[in-house]
Amino acid sequence: MVSRRDWIGMTVGAGAALTLNPRLLEALQQGQLIQRAIPSTGERVPVIGLGSSATFSSVARSEDKTALKEVLKTMVDMGGKVFDTAPSYGASEQVAGEIAKELGITNKIFWATKVNVARGGAADPAAARAQIESSFQKFGVQKMDAIQVHNLGDVPTQFGILKELKKEGRVRYIGVTTTNQNQYGALAEIMRNEPLDLIGVDYAIDNREVEQTILPLAQERKIGVLIYAPLGRNRLLARVGDRPLPDWSKDFGATTWAQFFIKYIVAHPAVTSVTAATSQAKHMAENLRAGMGNVPDAAALQKMRELVDALPPAPPRGRGRGAGAGW
């Protein structure tokens with residue numbers, strides 16, 4: 001695996017311009033997932049994980065869970081680990097916990113969930129604790145890998161509870177999340193003032209606002225970053241439609257548009273793990289391969305931005321490939 005020291009040595013600024021060395025070359029040849037460190041501990045996790053909103057959540061509500069079983073099995077078999085979910089994602093927690101137990105992979109998954117019972121801006125501490133305990137039961141674990149306050153819901157109350165649970169040894173990593181640009185200012189303030197291990201934010205090649213402040217601040221404050229909606233909730237797939245990939249995508253190993261978009265995100269050194277949601281094993285495998293091999297250098301990243309910025313807007317939902325939220 002490529003160590004954090006090797007990664008830093010190969011990284012130049014936010015563009016992540018890389019120079020191959022023998023250890024990286026060996027990792028590429030073995031088809032291993034890039035590993036990134038969670039800064040607060042140095043623990044390394046695979047740079048590609050799995051989210052559970054969108055179609056994963058939809059399929060979790062159905063009677064047939066076969067597809068989701070194949071997704072989780074594919075993730076673990078190919079070296080993935082991080083599973084991001086939330087109580088608000090319908091049956092995602094319950095179904096994932098059941099499948100993991102059935103497959104015998106509960107201890108092979110990095111369980112990252114959330115808490116948010118805030119109503120009208122305030123959260124009832126008892127309700128927050130009850131929601132957290134329910135997540136423990138659904139996953140069948142004694143210690144949770146990560147819990148974050150979802151959408152910055154009453155952070156003083158809910159993050160206070162997470163700090164207590166971490167001190168008690170019941171949660172390993174704690175943090176906050178938002179996918180609302182209007183909350184980025186509040187997120188930055190929390191990042192400067194709270195002992196966060198992780199944050200979760202939305203980031204895509206056509207949604208680059210976090211590059212300005214949030215990602216640099218995460219590096220400065222040594223906070224890990226989980227990425228949501230790297231395909232723009234499939235907006236990006238709708239924008240490219242049936243266009244062929246540019247030939248120069250082969251330089252960094254992208255063979256599909258999904259890999260093209262995910263590799264853009266992986267190239268940023270602040271990113272810890274990209275958690276695109278999917279309910280199809282073939283897409284899980286496709287996403288994981290985006291975390292293997294080379295990543296775009298600074299010149300390639302600029303070409304990628306220019307290409308996407310020149311694309312027409314996505315068609316209305318319901319029209320075109322990938323127009324919906326699922327993948």
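Colleague: Is R170 buried, exposed or partly exposed?

Modeller: R170 counts as partly exposed, at 25% relative accessibility. Buried is under 20% relative accessible area, exposed is over 50%, and partly exposed is in between (1.4 Å probe, protein chains only). Keep in mind this is a predicted model: local features need pLDDT of at least 70, side-chain atom pairs count only at pLDDT 80 or more, and totals for chains, interfaces and linings use all residues. Residues are numbered from 1 along each chain as its sequence is written, and side-chain values use heavy atoms, with hydrogens and water left out.

Colleague: Which side chain does R170 meet in a salt bridge?

Modeller: That's E133, at 2.5 Å, N to O. A salt bridge here is a side-chain nitrogen of Lys or Arg within 4 Å of a carboxyl oxygen of Asp or Glu. R170 is in the loop between α7 (155-167) and β7 (171-178) and E133 in helix α6 (residues 125-139), so the pair ties together parts 37 residues apart in sequence. Helices (H or I, at least four residues) and strands (E, at least two) are DSSP runs, numbered from the N terminus.

Colleague: And E133, buried or exposed or partly exposed?

Modeller: Partly exposed, with a relative accessible area of 29%.

Colleague: Switching topic, how many salt bridges does the structure hold?

Modeller: 13. One of them joins D84 and K114, with the closest N and O atoms 2.7 Å apart.

Colleague: Is K114 buried or exposed?

Modeller: Buried, at 1% relative accessibility, and D84 is buried with 2%.

Colleague: Which residues are linked in a network?

Modeller: E43, D145 and R172, through salt bridges.
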